[in-house]
Amino acid sequence: MTDATPVLRLSGAGHRFGSHEALRALDLTVHAGERVAVLGTSGAGKSTLLALLNGSLEPTTGTLEVFGENPARLPAARRRLLQQRIGSVSQHLALIEQVRVLHNVNAGRLSQWSTPRALASLVWPRSLDVVRDALDRVDLGWALHERTERLSGGERQRVAIARLLVQSPDLVVADEPVSSLDPVRAAGILGLLGTGTAVRTLVVSLHQPALAREHCTRVVGLRHGEIVLDSPAADVSDAALHQLYTLT
Ligand SMILES: Nc1ncnc2c1ncn2[C@@H]1O[C@H](COP(=O)(O)OP(=O)(O)OP(=O)(O)O)[C@@H](O)[C@H]1O
Ligand SMILES: [Mg+2]
């Protein structure tokens, strides 16, 4: 991969659930350092698109390249290495309810650890300073030893963000990561997601266009599984947003 190799390239990539075509032949290229907001009405295909990008779904038509490689064609070991470079926050958070918050945060590094090391960390938590620092950054320092199931929706969303911060990925794919947060916290979290030590690329689905304009460099609008808007965030007009959200 050279500096010019896109982080993501979809070529005619679509996804079908049985007879339902959730995404139709999308062409989309994302370069390093871009912060892309994915907008669209409920059911437009945002989660399906993000699931393709983070490797949890495969396109049923067309191709996807991530950091210049097609994950579907990679041997398992190379695919795991590629997966480590991608940090994901799913709409359903994928937290383990019954364990303490610190274990959910440490899960961000499980793929970088050997199995014995990962299992041992459940009894003797590793690198608590790193976990504590990540929780502090999402304003949850007090929750280190709390049981995850007792946290509120917004607090759980921030645990998922802390897990991603300890993973420190090159590409962040986040599906409505701030949907349960108040406006000030939402802005803070989007700021954290878009900044890292290296050049970080962000693809984030949002239901708040104002956050997209403020925190992202580019807006991609989906409607019925198609890209109907792709524009620098600064150029997205109110009229274009109105059209995107008009239900027809
Ligand atoms: N596992 C599935 N099986 C069948 N259909 C699905 C499945 N997942 C999603 N769909 C359908 O695909 C379409 C796109 O769904 P998707 O979850 O990507 O929408 P979305 O834009 O993320 O919506 P929301 O804003 O409500 O999260 C919807 O019509 C949905 O019903
Ligand atoms: Mg969704």
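This is a predicted model: local features need pLDDT of at least 70, side-chain atom pairs count only at pLDDT 80 or more; totals for chains, interfaces and linings use all residues.

Colleague: Thanks! What is the strand order in the sheet of six strands?

Modeller: The order is S5-S6-S7-S3-S8-S9, in an open sheet with mixed pairing. Strand S5 (86–89) and strand S9 (226–232) stand at the edges with a single partner strand each, so one side of each has no neighbour in the sheet. On average, neighbouring strands here are turned by 15° against each other, ignoring direction.

Colleague: In which sense do S5 and S6 pair, parallel or antiparallel?

Modeller: Parallel, over four bridges, with S6 covering residues 171–175. If you want a spot to look at, Gly 87 stands opposite Val 172 in S6.

Colleague: And which strands of that sheet does H1 touch?

Modeller: H1 packs on the sheet and touches strand S3 (35–39), S5, S6, strand S7 (201–205) and strand S8 (218–223). The direction of H1 makes about 155° with that of S6.

Colleague: Now the other end: how many bridges are there between S8 and S9?

Modeller: There are six, and the two strands pair in the antiparallel sense. Gly 221 stands opposite Leu 229 in S9.

Colleague: What does His 224 do in the hairpin of S8 and S9?

Modeller: His 224 takes a positive phi near 45° there, and the hairpin has two residues between the strands.

Colleague: Good to know. Moving on, what is the order of the open sheet of three strands?

Modeller: That one runs S2-S1-S4, with antiparallel pairing.

Colleague: Why is one side of S2 and of S4 left without a neighbour in the sheet?

Modeller: Because S2 and strand S4 (61–66) stand at the edges, and each has a single partner strand. Neighbouring strands in this sheet are turned by 25° against each other on average, direction ignored.

Colleague: How many bridges join S1 to S4?

Modeller: Five bridges join them, with strand S1 spanning residues 8–17 and the two running antiparallel. Ser 11 stands opposite Thr 63 in S4. H1 packs on this sheet too, touching S1, S2 and S4, and its direction makes about 125° with that of S1.

Colleague: Which residues come nearest to ligand 1?

Modeller: There are 14 residues around ligand 1, and Ser 42, Gly 43, Lys 46, Ser 47 and Thr 48 come nearest. By type, the shell divides into three nonpolar, nine polar and two charged residues.

Colleague: What distances do you get to oxygen atoms of ligand 1 for Ser 42, Gly 43 and Thr 48?

Modeller: For Ser 42, a polar side-chain atom lies 2.6 Å from an oxygen atom of the ligand. Thr 48 also has a polar side-chain atom 2.6 Å from a ligand oxygen atom. With Gly 43, a backbone N or O atom lies 2.8 Å from an oxygen atom of ligand 1.

Colleague: Last one: how much of the accessible area of ligand 1 does the protein cover?

Modeller: The protein covers 61% of the 630 Å² that ligand 1 has on its own.

Notes:
Residues are numbered from 1 along each chain as its sequence is written. Chains are lettered from A and ligands numbered from 1 in the order in which they are written. Side-chain values use heavy atoms; hydrogens and water are left out. A residue is near a molecule or strand if one of its heavy atoms lies within 4 Å of it. A polar contact is a pair of N or O atoms within 3.5 Å; within protein, one must be able to donate a hydrogen and the other to accept it, and residues adjacent in sequence count only if both atoms are side-chain atoms. Accessible areas come from the Shrake-Rupley method with a 1.4 Å probe; for residues, only the protein chains shown count as cover. Ala, Val, Leu, Ile, Met, Phe, Trp, Tyr, Cys and Pro count as nonpolar, Asp, Glu, Lys and Arg as charged, and the others, Gly among them, as polar. Two strands pair if DSSP finds at least two bridges between them. Axes are lines fitted to C-alpha atoms, for helices over the stretch in contact, and angles run from 0 to 180 degrees between N-to-C directions. Contact means heavy atoms within 4.5 Å.
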